[in-house]
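Have a look at the structure below and take a moment to get your bearings. We will then walk through a few of its features together.

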Amino acid sequence: MNLSEDLKLPVFRQIGETADEMGREVYVVGGYVRDIFLNRPSSDIDFVTVGSGIELAERVAERLHRRKNLSVYANYGTAQVKSGQLELEFVGARRESYHRESRNPIVEDGTLEDDQKRRDFTINAMAICLNAERFGELVDPFNGILDLHNKIIRTPLDPDVTFSDDPLRMMRAIRFATQLDFNILPETFEAIKRNRNRIEIITKERINDELSKIMRSSKPSKGFILLDEAGLLEIIFPSLHALKGVETKEGRGHKDNFFHTLQVVDNVAERSDNEWLRWAALLHDIGKPKTKRYDEKIGWTFHNHNFIGEKMIPKVFKSMKLPLNEKMKYVAKLVGLHMRPQSVGEEGVSDSGVRRLITDAGEDLDDLMLLAEADITSKNPAKVRRQLEGFANLRERMTQIADADKLRKWKSPVDGYEIMEYFKIEPSSVIRELKDVVKEAILDGRIPYDHEAAWKLILEIAPQYGLTRNPE
């Protein structure tokens, strides 16, 4: 098969000509070749040459006048050339061997065949020659095209060896199956199960990179179900795995919170590309195992699971080496608030309830509403309709709150320094208490959201806190 029509970018001919001048074989390999057949755009292109990849990259950079855009990674025998929007990666063909205690291979120079054998999956082991005599010729020793056609993930060689050598490939198999909506060959999947404990030698950061790619896919639930079925989820994400299962007592059971959670994640994914909103969906019920109780009158309860879940988020993020920054705070905030839209609606959507919701959610109000709506997974159409109508009513009431935009960016109209200066007092808890009274009065609609009304209230209630104006 010749794919020269798919290699219209001038850089392919330029690299092929450079390799010919050096007397080298050169091939475009991996994901770019796979994505040609999948009609997926790609700006990252990998090249393999029989010989030094760094030497070829240096010559290509000179030819493209991109010496300033050349990055060399001598320890890995690779180099990168940035050309416009393209990132060109060069490596020499190699063969690899592994020690059981590490995923870092012993690397030796090899042939194209050696290089293709070391690839993770058949769909990533195809290569296209760029040398003039064979330009566009496909080299596909493991029938990757057939696997693409059949939507199959399998390894070029013995999957037990492939996964034991580099256990991250187990995560990659599941990630590709999720991203591409492919199936993992049964024999390959059984090998993942057999080698699942090998994942423990992989760093959290590498695992999280694959989890993030699963999370960004169009249907993340597929990846998490495969992780669970393979026995990997319990190892890499025990707090999520703990949601699994249904307990029955006196004939009463509860829903499986694991599969409910995955449905919520998919619901969010249908409406938002925000990866961290998807993480909030994945973790929104993380507190349920700790709060599960059985009540003889009403059955199973999970009281305050949202607040317990919010407190769990920092520990979960830290243990998994996820970012301990504003992203974590955002996820924790949404987990803690995810029940609020429903409770406000059930209370009759009072103005004070709406104001409090707007203020507490702030700039994340729209994301919170989306999460709350995604959390509706009941199989009862009447219940779903009733809940959606409640949220629609809540959204409408939000638009009717005159100071809604100000509330979303809540800032106390009275500054603490102003209180200290006026009453000549040092910093103390009284200042916070006064500001809280002002906030409650505004949210209850008893005073307008402005400085004059707030300050008037401060002066009225100050004596109750033992404060009087001290003359200079």
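Arg-63 has a relative accessible area of 31%, so it counts as partly exposed, lying between the 20% and 50% cut-offs. In this predicted model, Arg-63 makes a salt bridge with Glu-17, and their closest N and O atoms are 2.5 Å apart. This pair ties together distant parts of the chain: Arg-63 belongs to helix α3 (residues 53-63) and Glu-17 to helix α1 (residues 10-22), 46 residues apart. Glu-17 is partly exposed too, at 38% relative accessibility.

Side chains of opposite charge can pair when their charged atoms come close. A search of the whole structure turns up 35 salt bridges. Among them, Arg-40 meets Asp-35 at 3.2 Å, N to O. Here Arg-40 is partly exposed at 34%, while Asp-35 is buried at 6%.

Next, find Glu-113 and Lys-117, whose salt bridge has its closest N and O atoms 3.6 Å apart. These two residues sit four apart in helix α4 (residues 112-117), so about one helical turn separates them. Elsewhere, salt bridges with shared partners join Arg-356, Glu-440, Asp-444 and Arg-446 into one network.

Now turn to the strands. How many of the seven residues of strand β5 (residues 86-92) are buried? Five are, so β5 is largely enclosed by the rest of the structure. Strand β2 (residues 44-49) pairs with β5 in the parallel sense over six bridges, and Asp-44 stands opposite Glu-87. Strand β4 (residues 78-83) runs antiparallel to β5, also joined by six bridges, with Gln-80 opposite Glu-89. Two residues lie between β4 and β5 in their hairpin, and Gly-84 in the turn has a positive phi of about 65 degrees.

Notes:
Residues numbered from 1 in each chain as written. Predicted model: local features only at pLDDT ≥ 70, side-chain atom pairs only at ≥ 80, totals over all residues. Heavy atoms only, no water. Buried < 20%, exposed > 50% of the residue type's maximum accessible area, 1.4 Å probe, protein only. Pairing = 2+ DSSP bridges. Salt bridge = Lys/Arg side-chain N within 4 Å of Asp/Glu carboxyl O.
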